[in-house]
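Thanks for coming, everyone. Please have the sequence and the structure open while I talk.

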Amino acid sequence: MLKESSEMDSGGAATPPPEMKGWLFKWTNYIKGYQKRWFVLHNGLLSYYRSAAEMARSCRGTISLPGAWIRREDSLNFVVSNGGGTQTFHLRANTELELQKWVTALEIAKVQDNPKAEDDSEEEVPQEVEDDFEKRELMNSIKTLASKLETCHKLILKNYSPLQQALDVPLQENDPELKDRIKIIKERSSLFKLASDMLMEASSDFLEHSLSQGSRWQRLLASEREQRLKLEDMVEHMAKHHSQLETQVRNEINDQTDHNHKTHYTSLVSNASSSSSSQHQPISHNQNCRSDKSEGSSDDEEDVFVDAMDDQAIGFTVPVPPGLQMSHPSNHCRTDSDLSNKFANNSDELDDAQDLDRVSNFSCDEDNPSNMQFNVVHRKNIADSKKQEQEDSDTKKSSSVKIKTPVKTTTSIRKRRSRIPNKPDISFSLWSIMKNCIGKDLTKIPVPVNFAEPLSMLQRLVEDFEYSELLDKALLARNDREQMLYVAAFTVSAYSTTAIRVGKPFNPLLGETYECDRSDDKGFRSISEQVSHHPPMVAQYCESTNGSWRYWQEFTMRSKFKGKYLEVEPLGIAHLEFTESGNHFTWRKVKTLVHNFVVGKLWIDQMGEMEIVNHKNWDKCHMKFEPYSYFVGGAKKITGTITSGSTGSVEWVLNGKWDSKFEGSHVLGETNNKGKSSLEIEAPILLWEVNPPSKESDKYYNFSTFACELNELEDDVAPTDSRLRPDQRLMEDGLWDEANTEKIRLEEKQRTVRKARESEAEALTREGRSPEPYTPIWFRKENDPQNGDKLIHIYQGNYWECKESQDWSKCPDIY
């Protein structure tokens with residue numbers, strides 16, 4: 001008899017497994033065939049005995065139904081096997097109705113869990129995850145009821161077809177099989193009724209369970225929501241705590257570094273006091289103060305000059321220039337390079353034994369030559385008095401030399417604004433936009449102005465000239481290496497504005513221009529133009545008012561969002577040429593990383609290696625921008641060297657931070673301590689120091705005073721100038737919604753113009769004519785001999801003449 005309970009208890013427990021007992025015939029072997037056995041279905045287990053009386057003792061065999069398979073072979077026979085196929089029961093019922101009852105009970109028991117196993121799992125569930133267990137219990141109940149419905153549905157379909165076939169056979173009164181057919185129809189009808197009753201019962205249970213458990217589901221959902229909010233708060237708290245720990249570690253490292261430097265400098269104070277007054281003048285030093293000795297130098301003199309250094313005398317380390325063997329480099333290094341053997345190649349100029357000793361005693365990693373470093377130590381002992389007097393004499397002579405200084409225009413200095421309107425307090429989720437941009441080029445993604453700052457990329461590039469006075473100081477240098485020293489400081493100063501600026505500048509429209517005329521106060525003027533849209537590319541030209549130097553570059557970049565940070569890699573080479581000295585410097589910029597896109601405060605880091613090359617004499621400056629690390633002190637740190645193109649020797653050592661200051665120290669020579677080669681340097685000279693930001697700059701995008709002046713409206717500028725761009729102006733005025741609307745309009749207008757240009761090009765191609773590519777207004781393509789004759793955009797002139805005559809007929813209507 002089938003005993004199946006569908007009542008739900010007060011706790012909402014699932015329907016208990018069915019129970020059934022009765023006689024079935026079981027196949028034993030080919031001799032005895034089918035033998036009558038007593039079968040019991042209980043707790044998901046199908047067991048059999050020789051008789052009902054044998055139930056008090058152990059059973060003859062058992063199959064666990066969860067995971068088992070049940071197959072009906074004909075109207076009386078069926079097979080039950082466990083999941084692994086190791087035990088199989090071949091069974092036969094007396095009637096088809098009895099078979100159907102057993103198969104139905106077995107199918108229902110198969111889809112239900114063993115209560116004993118559930119009890120064991122309940123004992124293992126801790127109190128802290130009671131809600132999670134309740135949710136699993138509800139899911140198991142629903143799955144059980146749904147399986148019962150599916151089983152009943154299959155049974156109805158299985159019995160419907162034989163019943164329909166029996167009804168479709170025509171019956172005649174004299175048919176001898178009439179009674180048998182009527183019996184079959186009655187059996188089929190009984191089976192169909194049984195299956196229908198089971199379906200109705202299971203459907204009622206499912207409906208009752210669904211209606212009664214609605215409140216429990218709501219409670220579980222509320223609990224899930226509460227847990228999610230707690231997790232978000234916890235992650236935010238951890239991010240803040242993490243940021244505080246980073247700041248604390250950086251401060252401790254900086255304090256320890258400053259303490260060590262003060263200790264090293266103490267012994268130099270008395271020796272450096274005599275030459276301290278010369279540090280305020282243009283840099284002066286003895287051109288012959290290298291450690292290389294003349295033929296007449298004695299061993300005693302060398303012992304006085306090269307004093308033994310202990311480990312604590314080392315001030316810092318600088319990377320060994322990666323291309324010392326290349327006196328004529330063909331390209332610019334921005335990544336790690338192999339170390340050369342320049343010293344070994346110049347064995348004719350230096351003593352062989354001394355040269356090999358210097359090469360073999362570098363502090364380096366042999367498996368990775370790019371990790372080779374010089375230890376830098378400060379000079380402890382002053383050379384003999386004659387050499388010191390000679391240096392003082394050279395200093396006096398050099399200070400009396402008159403050098404032409406940059407000339408500013410005689411016009412009055414214009415009064416410019418010192419700040420812009422405050423940034424509106426509008427919250428916006430950065431992650432909601434960036435999560436769909438992973439792996440894509442950000443230059444092709446429309447970004448709302450909420451993530452931008454009210455400056456164009458054209459204006460952002462002009463910010464590199466905030467410290468243009470460094471180029472004026474470079475004009476006063478007495479030799480090429482000294483001039484490169486200030487050029488290096490100029491390249492580093494360009495990154496100072498990125499330390500606290502995380503806003504994205506506006507992507508310029510094709511044909512957009514920007515002029516910056518600072519002839520009245522800074523002595524330069526520049527013109528920039530967006531010369532390509534895909535890929536986005538900017539051509540820039542800047543020149544000194546008196547023609548003493550000129551600068552140009554073609555700037556483009558690759559930007560990828562990596563999930564945790566945004567990587568921006570500048571492409572193209574920057575050129576700087578000094579008219580009087582004839583020195584032509586080129587360099588590539590390093591990568592910029594924007595961290596904490598998902599959680600925490602955004603912050604900027606610079607990493608990579610930069611090489612500045614003087615194409616006149618192949619002097620090189622190699623600088624390394626150290627990436628931030630938990631385990632290495634000195635965040636935002638820069639170290640580098642300046643080497644002579646003729647001898648390959650290190651002339652200057654550079655050290656500083658790209659967001660605060662930059663120093664240079666002249667190299668006196670080399671010393672050897674405990675098998676390690678070190679560079680001995682003079683006291684450092686401050687080359688550049690950042691201008692302190694305004695106290696309220698955080699209210700207006702952390703702009704410097706120079707940045708605030710860039711977007712100030714001016715008269716007589718070109719109609720394509722960035723100052724006149726409407727969406728950028730609306731954003732500066734705090735109207736962000738209007739700015740977003742205007743930004744979409746301008747982008748649609750640009751797309752329409754581009755499609756019209758493409759359609760015209762296709763029409764000319766069909767006619768057999770070659771379409772003319774887009775031509776910039778103020779720049780044209782020319783070969784760049786310093787970049788392998790690659791075609792780059794060079795300024796062709798006439799902008800300032802057109803401004804003077806107000807002839808803007810060549811300018812397109814882009815706004």
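Which residues of the largest nonpolar core touch the most other members? They are Trp549, Leu576, Phe578, Trp587, Ile612, Met623 and Phe662, out of 62 residues in that core. A nonpolar core here is a set of buried Ala, Val, Leu, Ile, Met, Phe, Trp, Tyr and Cys residues joined through side-chain atoms within 4.5 Å. Buried means under 20% relative accessible area, exposed means over 50%, and partly exposed is in between, with a 1.4 Å probe and protein chains only. Helix H14, residues 480–493, gives this core its largest share, eight residues. Helices (H or I, at least four residues) and strands (E, at least two) are DSSP runs, numbered from the N terminus. As background, nonpolar side chains in soluble globular proteins tend to be buried together.

A word on the source. This is a predicted model, where local features need pLDDT of at least 70, side-chain atom pairs count only at pLDDT 80 or more, and totals for chains, interfaces and linings use all residues. Residues are numbered from 1 along each chain as its sequence is written, and side-chain values use heavy atoms, with hydrogens and water left out.

Next, the rings. A search of the whole structure gives 21 aromatic pairs. Rings of Phe, Tyr and Trp (its six-membered ring) pair if their centres lie within 6.5 Å; planes under 30 degrees apart are stacked, over 60 edge-to-face, and the rest tilted. Look at phenylalanine 465 and tryptophan 549: this pair is stacked, 6.2 Å centre to centre, with 5 degrees between the planes. Phenylalanine 465 sits in the loop between helix H12 (457–462) and helix H13 (469–474), and tryptophan 549 in strand E16, 84 residues apart. Both phenylalanine 465 and tryptophan 549 are buried. Now take phenylalanine 465 with tyrosine 551. Their ring centres are 5.0 Å apart and their planes at 90 degrees, so this pair is edge-to-face. Tyrosine 551 is also in strand E16, 86 residues from phenylalanine 465. Tyrosine 551 is buried. Zoom out, and ring pairs join Phe465, Phe490, Phe524, Trp549, Tyr551 and Trp587 into a cluster.

Strand E16 comes back when we turn to cavities. On a 1 Å grid over the protein atoms alone, a cavity is a set of points where a 1.4 Å probe fits but cannot get out, and lining residues have an atom within 4 Å of a point. Grid points are joined across faces, edges and corners, and a volume is the space filled by probe spheres set on the points. How many cavities of 30 Å³ or more are there? Nine. Eleven residues line the largest cavity, and the closest to its centre are Met457, Pro536, Val538, Phe555 and Met557. Strand E15 (537–544) and strand E16 (549–561) each supply at least two lining residues. E16 gives the largest share, three. The lining has seven nonpolar residues, four polar and no charged. In that count, Ala, Val, Leu, Ile, Met, Phe, Trp, Tyr, Cys and Pro are nonpolar, Asp, Glu, Lys and Arg are charged, and the others, Gly among them, are polar.

On to charges. There are 39 salt bridges, each a side-chain nitrogen of Lys or Arg within 4 Å of a carboxyl oxygen of Asp or Glu. Arginine 419 pairs with glutamate 696, closest N and O atoms 3.2 Å apart. Arginine 419 lies in the loop between helices H10 (385–399) and H11 (430–434), and glutamate 696 in the loop between strand E27 (685–689) and helix H15 (705–710), so the pair ties together parts 277 residues apart in sequence. Arginine 419 is partly exposed, at 31% relative accessibility. Glutamate 696 is partly exposed too, at 38%.

Contrast that with arginine 751 and glutamate 747, a salt bridge at 3.9 Å, N to O. These two are four residues apart in helix H17 (residues 736–766), so about one helical turn separates them. Arginine 751 is partly exposed at 29%, while glutamate 747 is buried at 18%. Finally, find Arg414, Glu712, Glu714, Asp721 and Arg723: salt bridges link them in a network.

How values were computed:
1 Å grid on protein atoms, 1.4 Å probe; cavity = no way out; pocket = protein on both sides within 12 Å on 5 of 7 lines; lining within 4 Å.
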